[in-house]
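Subject: Structure handover

Hi,

Here is the structure I promised to pass on. Have a look at it first, and then read my notes below.

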Amino acid sequence: MRNSSYVSACLLAMSLFAAGCSRTEEDARIERLLSQMTLQEKIGQMNQLSVAGLTPDMEAAVRNGAAGSILNEVNPEIINEYQRIAMEESRLGIPLLVARDIIHGFRTVFPIPLGMASTFDPELVRYGARLTAQEATASGIRWTFSPMVDVSRDARWGRIAESSGEDTYLNAVMGASMVRGYQGDCSDSTSLAACVKHFVGYGASESGRDYNSTYIPPRALRNVYLPPFEAAVKAGAMTLMTSFNDNDGVPGTGNAFLLKDVLRDEWGFDGFVVTDWASAAEMIQHGFARDGKDAASIALNSGVDMDMMSHVFTAHLEELVASGAVKEKDIDNAVRNILRIKSRLGLFDNPYVDVDRAAEVQYNDSIMDAAYRTALESAILLRNEGVLPVDISRVRRILVTGPMADAPHDQMGTWTFDGQKECTVTPLVAIREMYGDDVEVIYEPGLTYSREFSQRGIAAAVAAARKADVILAFMGEEAILSGEAHCLADITLKGDQRKMIAALAATGKPLVLTVMAGRPLVLDEESRVADAILFSFHPGTMGGPAIADLLFGKAVPSGKLPATFPAASGQVPCYYSHNNTGRPFRGTETMLYDIPREASQTSLGNTSYMLDCGFYPLYPFGYGLSYTEFGYSAPVLDRQEYSPDDVIRVTFTLTNTGRYAATEVAQLYVRDLVGSSARPVKELKGFRRISLAPGESGEYTFELPVQDLAFYGLDMTRKVEPGDFHLWVAGDSVSGEPVSFSVVAD
Ligand code: NOJ
């Protein structure tokens, strides 16, 4: 198929991008290629198209150099063919960048990102992302649209599932780990370019309704929403995606301040910026662009390099250059950014994939084990009245029930285009496999899916429960209830699940709930009637074995909440790191689990309180029980006073005072008591997982650079403000006694 007129250009491109060249050589080569490109070819590189198989239109687009990237194709043979067309039949032989939404695993599905965050184990998350990259690149995919680091404080928003939750620091740490994992050291063809998204503020969509506007003022933008993006960029993220939302009237795809001043000038980002799907054209609906031409001009001039599926660049950029509304030098810059990433990924050397490799890496032992460990570490024990772990030697009949007990598709969660449900192990399958020979495992689902209403189903489950020694009820949300465009106004369990739980509890049999969901839920009723609650953000392929091992004590829960669990849907957005207000609630945290159900109190002295659901959430950020108990000593600081360039050494003793070997996530929180602008009541500044045998104790140190206390205050510059601080080390965001220290000016 090689046409001689393509050959010289193709060979030129191949030779320009020989492996292992230095950055200067790389730049020189990109310049040489750029000088060969027509304006149309440049614009083609800035265009991303969604493909489904080999189609004449798409083949022609690639052949004509009208696409720099394709998304949504995962068949390695088809990908190879598109690459062949690009390399051999397009005039300049520039390889394609092949993308896919690989959000929490490709074939082997890991827990949803919110679940990964609840491990508080960035190294495990990095490792999982590395293995995911190996699985995906074996199919020819070299770019994923992950991590999403949108700080998400509203559980109604379906996309909270894709985030690391409500905390700025946790999103930053997890986002950076994912970037490192996906991209590896970029030395071989297993490097999967990361795309940090959605820039910025999308998680603050008003009322938790997807695509809605946000109103984030500049200080909150700097202090809360931007740091995770900066961390991901500093970790080397090769690409960044703009967001759908308009913040205070400016859509993410048309925000030059963010894309140029902050991203390029302040952070030195040298990758490329892609729009979200059709978000350039959507600026017309926003009322921010008059038409497609205006949208193309705004997006390009705001700093967008690649258009995902709006087609406005290909339709209008040539004309815009001719009229002078867009400068060709800005187009050149965008193309440079794109070619640089293609070069960095080694695509010019070899864009093809060995089609036999996929079978070797998909679902192999290493990745299945990593998926199991992540699911294990991500499960959070919310409540346990002495029923867990289940002692298998003391039961003869177990009832397994509930719509999530055997729902392989649903336990994978949102954004799992490529995970195969046939490879997913459910709790029912795992329990039968582990204990089916020793005890009778009765399976009666009650409800067959999470939104079902069925009195008959409930009656059947209750009848089965009467015969059992313990009820293991698997409730929650189907995958379809969270994710993009899947938002809820009421975040209690759907369908007849609450009725079913009440009916099961009324049998008087020990009731263990495992809740699998894509968001924090309101579990107030459930917390009153269940003897134990294990919460698992949709845990993925290996969720069943992980949950079974936790329920039966082969492993001990260690997950912690990455987002607050509210006491009522009307309490959201609620998050631990709020400001104090001028009239803070002065109740006690014993109210944490004792939420007034009615508006029983009509006055608490004009403080910030809700009559019908109190002040405190049901389960706070950072919370999670174990089968053992941990005792914390008061933290000891190496000094009382620090200068802005010092490092604070915080030492504490942690003791496992219970009967199980277990892992605790020790959390470091700080409060800046007085600032030039009011500061949050607490901010997470560090955490570490510590494993201890029963009775064992150890001394541990956090090292906290004083610079980590810097923030954007009244004058909007980032600095540490001298003054007094409180500091806690505890197992969640509401425990521990503070110690004090001061920061003095240099
Ligand atoms: C829209 C979503 O907002 C974004 O996160 C995703 O990566 C793109 N579609 C591509 O599928």
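A quick word on domains: their bounds come from an automatic or database domain assignment. Here the chain is divided into domain 1 (4-357), domain 2 (375-551) and domain 3 (630-743). The centres of domain 2 and domain 3, taken over C-alpha atoms, are 36 Å apart.

Before you go further: this is a predicted model, where local features need pLDDT of at least 70 and side-chain atom pairs count only at pLDDT 80 or more, while totals for chains, interfaces and linings use all residues. Residues are numbered from 1 along each chain as its sequence is written, and side-chain values use heavy atoms, with hydrogens and water left out.

On the overall build, the chain holds 22 helices and 27 strands (DSSP runs numbered from the N terminus, with helices being H or I of at least four residues and strands E of at least two). Its C-alpha trace spans about 80 × 65 × 50 Å along the principal axes. Of the 746 residues, 62% count as buried, meaning under 20% relative accessible area with a 1.4 Å probe, protein chains only.

Is Thr-426 buried or exposed (exposed being over 50%, partly exposed in between)? Thr-426 is buried, because its relative accessible area is 1%. Beyond its neighbours within four places in sequence, Thr-426 has contacts (heavy atoms within 4.5 Å) that include Ala-405, Asp-406, Pro-408 and Gly-544.

Cheers
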